[in-house]
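Work through the exercises below with the coordinates open. Each task is followed by a stepwise solution.

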Amino acid sequence: MIYLVWLAEPPNGAPPNPASLAARAVETMNLRAVSIGIVPESRPDAIGLVGMPVWMWNASDAAETWGPVTKSASAGGYTVTATAKVEKVVWAMGDGHVVVCRTSGTAYRDSYGKSESPTCGYRYDQQGRYTVRATSYWRVDWSGIGQSGSIPLQFSDSVVITVGEVQVLTQ
């Protein structure tokens, strides 16, 4: 014999808000800004030159700086899974110009010499000290409990670099 019973609430209570569970999953990801790799370096004795290539990249291999990172959060027997990944990094070069890079960049090596970065670079046309700010734009896609959504996040970090000028006289 089967008895059917109508309940005003589900037997385990109402399901949790999936967006709130997604936010809890994101909190456990420890996402952060890219670890700035840049040439010329931000050391006091490092000086770049006007007209020479500047290379920018994410200097960390940690998933928390580029993704993808996937985490789940559960409550009351319900689970939401979220995956975070950087969509782009916007580099504010400190001189009013902005460079948008959609890859993590290419780390500079001495063997590259004066060549331009194949993935994320810039050239200054005036000498000076520049504060370079890298802002990572993350997208977190989540799904669970019959719903899905997206959460935009952004994190920034900055460094100061020096660009000098070389003047040459020829006869």
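**Exercise 1.** Classify C101 and C120: buried or exposed?

*Solution.* Start with the cut-offs: buried means under 20% relative accessible area, exposed over 50%, partly exposed in between (1.4 Å probe, protein chains only). C101 has 4% relative accessibility, so C101 counts as buried. C120 has 2%, so C120 is buried too. The model is predicted: local features need pLDDT of at least 70, side-chain atom pairs count only at pLDDT 80 or more, and totals for chains, interfaces and linings use all residues. Residues are numbered from 1 along each chain as its sequence is written, and side-chain values use heavy atoms, with hydrogens and water left out.

**Exercise 2.** Find the disulfide and describe its geometry.

*Solution.* Search the whole structure for cysteine sulfur pairs within 2.5 Å, the disulfide criterion. The search returns 1 disulfide. C101 is joined to C120, S to S 2.0 Å. The angle about the S-S bond is 80°, and the link is right-handed. Now place both ends. C101 sits in strand 6 (residues 98-101), C120 in the loop between strand 6 and strand 7 (121-123). They are 19 residues apart, so the pair links distant parts of the chain. Strands here are DSSP runs (E, at least two residues), numbered from the N terminus.

**Exercise 3.** In which order do the 3 strands of the open sheet lie?

*Solution.* Pairing requires at least two DSSP bridges between two strands. The order is 1-3-7, with antiparallel pairing. Strand 1 (36-39) and strand 7 are the edges, each pairing on one side only. Strand 1 pairs with strand 3 (residues 53-58) over 4 bridges.
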